[in-house]
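Morning, everyone. I have one model to take you through. Please look at the sequence and the structure first.

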Amino acid sequence: ESQSLLMGCKCHEVYDAIEAIGSPIRKSSPWAYHTQFTQSINTYFERSGYGWKLEDGQIVSRGEEAFELAVSAAAAALAAHKSHATAASELHEAIADLSRRPDPDLTGAISHSIAALECVAREYCDDPQPTCGKLLERHPNMLPRPLGDGVEKAWAYASERGRHLREGRNPTREEAELIVGISAAVATYLVRKKRATKPT
């Protein structure tokens, strides 16, 4: 009966079922949940070519390896500093938007990821008001040249496609992941750079 019910579900409903089944297992036996249930689900997803993974009880979008590494590094770097709590929250929202079912919120992912980068850049520059574009103009040495030019163009693209959307110019999944990945990588760089230059 369970198989029959699952076979009649849409894809996103199956993911909902996985989360619902995993929840009591996670509460009653965290070890079994993480070592057996989670691993089994993720192994199946990877072998079957599904772009999803089970993480912390939620089915979330799984990107390419480089994307995953950039986002994971950024999340760890931001979580390590209380001053970056807002940026960490924005990055989390960006990933959540990419993982929305049945349809991801691509403009939301772009907007939240750039907001995360802006939070980190403002803290790095000790300049609480400007946008990322303005910060790059005011602090040209924030990023190695000419990489700053590329990040400024990425910010301009994100502002147009993620914040000030025009009819017929919706971003693609690949574009959204690109902006999220760039934002995550640059945010990680700035956090580590500031930490390295702080007097001990």
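**Cavity, helix packing and backbone**

The structure holds one cavity of 30 Å³ or more. A cavity here is a set of points on a 1 Å grid over the protein atoms alone, where a 1.4 Å probe fits but cannot get out. Volume is the space filled by probe spheres set on the points, with points joined across faces, edges and corners.

Some ground rules. This is a predicted model, where local features need pLDDT of at least 70, side-chain atom pairs count only at pLDDT 80 or more, and totals for chains, interfaces and linings use all residues. Residues are numbered from 1 along each chain as its sequence is written, and side-chain values use heavy atoms, with hydrogens and water left out.

Back to the cavity. The largest cavity has a volume of about 30 Å³. Which residues line the largest cavity? They are Ile114, Leu117, Val151, Ala154, Trp155, Ile179, Ile182 and Ser183; lining means an atom within 4 Å of a point. Helices H6 (106-125), H8 (147-163) and H9 (173-197) each supply at least two residues of that lining. Helices are DSSP runs of H or I with at least four residues, strands are runs of E with at least two, and both are numbered from the N terminus. By class, the lining has seven nonpolar residues, one polar and no charged. Nonpolar covers Ala, Val, Leu, Ile, Met, Phe, Trp, Tyr, Cys and Pro; charged covers Asp, Glu, Lys and Arg; the others, Gly among them, are polar.

Next, packing. Helix H2 (residues 11-28) and helix H3 (residues 30-48) pack at about 160°, with axes 7 Å apart. H2 and H3 are therefore roughly antiparallel, a term for angles over 145 degrees. Axes are lines fitted to C-alpha atoms over the stretch in contact, and angles run from 0 to 180 degrees between N-to-C directions. The contact, meaning heavy atoms within 4.5 Å, includes Tyr15 and Ile18 of H2 and Phe37 and Ile41 of H3.

Now the backbone. Most residues other than glycine have a negative phi, and most peptide bonds are trans. Arg101 and Pro102 are joined by a cis peptide bond, omega about 5°. Pro102 sits in the loop between helix H5 (85-98) and H6. Arg145 to Pro146 is cis, with omega near 0°. Asp56 has a positive phi of about 55°. Asp56 is exposed at 55% relative accessibility; exposed means over 50% relative accessible area, with a 1.4 Å probe and protein chains only. Asp126 has a positive phi near 55°, and is exposed at 68%.

Key
Angles under 35 degrees count as roughly parallel, over 145 as roughly antiparallel, 65 to 115 as roughly perpendicular and the rest as oblique. On a 1 Å grid over the protein atoms alone, a cavity is a set of points where a 1.4 Å probe fits but cannot get out, and a pocket is an open set with protein on both sides within 12 Å along at least five of seven lines; lining residues have an atom within 4 Å of a point. Buried means under 20% relative accessible area, exposed over 50%, partly exposed in between (1.4 Å probe, protein chains only).
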